Amino acid sequence: MQSQQQADGELLQMFGKVIAIVLLLTLLGILGVRYFSSVDKLGAQGLRVDHNKMLNVLAMVKAQWLAKGRPAEMRLEWDDLAFDRQESVEPAGQTLVKMSPGGWPIPDTDDLAGCKQLWRQLLGREPGTQQVVTELGPGGDVCSFIANNSDRLSYQLSTGRVIFLTNE
């Protein structure tokens, strides 16, 4: 009879361990699902921050353009800005950008590479570093930057208008 009680005790002990493992795996599963569902939201926040940053940068560029007598191209002065200098391709204060007749920065070339270069000139880093896809509008007058969750930041080259579209 003693061996039967001992076997029952070991069986209950093993059952308790199985229940503990199942609960632990369930908890880890729930935390994993919540973590991975928030990754897209974080990407959207990054593009939202870039939207605000681009609006501020464009306002400063327009002010510099007016102060310098409306040149066709000008050197941007980013000495007072806190760009992430490790990612910057060009040295601080050395960004030469082409300007539209209305005073808005435009790409050097009317293609995808031009839009990527404009993003780098205005925001100080490559669009690929934050998994942003660049797209040129069909008329060649809009540079769009698309996050992995399909949120879109569009910059209209002729008017300087910046539009942020989200899936929320």
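**Close-up views of a predicted model**

View 1. Gly 160 is buried, with a relative accessible area of 11%. Here, buried means under 20% relative accessible area, exposed means over 50%, and partly exposed is in between, using a 1.4 Å probe and protein chains only. The model is predicted, so local features need pLDDT of at least 70 and side-chain atom pairs count only at pLDDT 80 or more, while totals for chains, interfaces and linings use all residues. Residues are numbered from 1 along each chain as its sequence is written, and side-chain values use heavy atoms, with hydrogens and water left out. Look for Gly 160 in the loop between strand 6 and strand 7. Helices (H or I, at least four residues) and strands (E, at least two) are DSSP runs, numbered from the N terminus. Not counting residues up to four places away in sequence, Gly 160 touches Leu 58, Trp 104 and Tyr 155; contact means heavy atoms within 4.5 Å. Ile 106 is 54 residues from Gly 160 along the chain, and 9.0 Å separates their C-alpha atoms.

**View 2. The whole chain, for orientation.** Two helices and seven strands make up the secondary structure of the chain. Followed along the sequence, they give the pattern α-β-β-β-α-β-β-β-β. The chain has 168 residues, and 32% of them are buried. Of the contacts between residues at least 6 apart in sequence, 46% join residues at least 24 apart. The chain exposes about 10,600 Å², with 59% of it supplied by carbon and sulfur atoms; accessible areas come from the Shrake-Rupley method with a 1.4 Å probe, and for residues only the protein chains shown count as cover.

**View 3. The disulfide between Cys 115 and Cys 143.** A disulfide is a pair of cysteine sulfur atoms within 2.5 Å, and by this rule the count comes to one. Its partners are Cys 115 and Cys 143, with an S to S distance of 1.9 Å. Cys 115 lies in helix 2 (residues 112-123) and Cys 143 in strand 5 (residues 142-146), so the link ties together parts that are 28 residues apart in sequence. The angle about the S-S bond is -75°, and the link is left-handed. Both Cys 115 and Cys 143 are buried.

View 4. Helix 2 has twelve residues and reaches 17 Å from its first C-alpha to its last, close to the expected 16 Å. That expected span is 1.5 Å times one less than the number of residues in the helix. Nine of the twelve residues of helix 2 are buried, so this helix is largely enclosed by the rest of the structure. Among the buried ones are Gly 114, Gln 117, Trp 119 and Arg 120.

**View 5. The largest nonpolar core, seen around Met 54.** A nonpolar core is a set of buried Ala, Val, Leu, Ile, Met, Phe, Trp, Tyr and Cys residues joined through side-chain atoms within 4.5 Å. The largest one has 26 residues, of which Met 54, Leu 122, Leu 153 and Tyr 155 touch the most other members. Elements giving two or more residues to this core include helix 1 (2-67), strand 1 (73-76), strand 2 (95-99) and strand 7 (162-165). Helix 1 gives the largest share, six residues. Leaving out residues up to four places away in sequence, Met 54 touches Trp 119, Leu 122, Leu 123, Phe 145, Leu 153, Tyr 155 and Val 162. In soluble globular proteins, nonpolar side chains tend to be buried together.

**View 6. The salt bridge between Arg 152 and Glu 135.** A salt bridge is a side-chain nitrogen of Lys or Arg within 4 Å of a carboxyl oxygen of Asp or Glu, and by this rule there is one. It joins the side chains of Arg 152 and Glu 135 at 3.1 Å, N to O. Arg 152 lies in strand 6 and Glu 135 in strand 4 (residues 133-136), so the pair ties together parts that are 17 residues apart in sequence. Arg 152 is partly exposed, with a relative accessible area of 25%, and Glu 135 is partly exposed as well, at 35%.

View 7. Arg 70 sits in the loop between helix 1 and strand 1 and is exposed, with a relative accessible area of 55%. Although not a glycine, Arg 70 has a positive phi of about 60°. Most residues other than glycine have a negative phi. Ser 100, in the loop between strand 2 and strand 3 (105-106), is buried, with a relative accessible area of 8%. Setting aside neighbours within four places in sequence, Ser 100 is in contact with Trp 65, Ile 106 and Leu 157.
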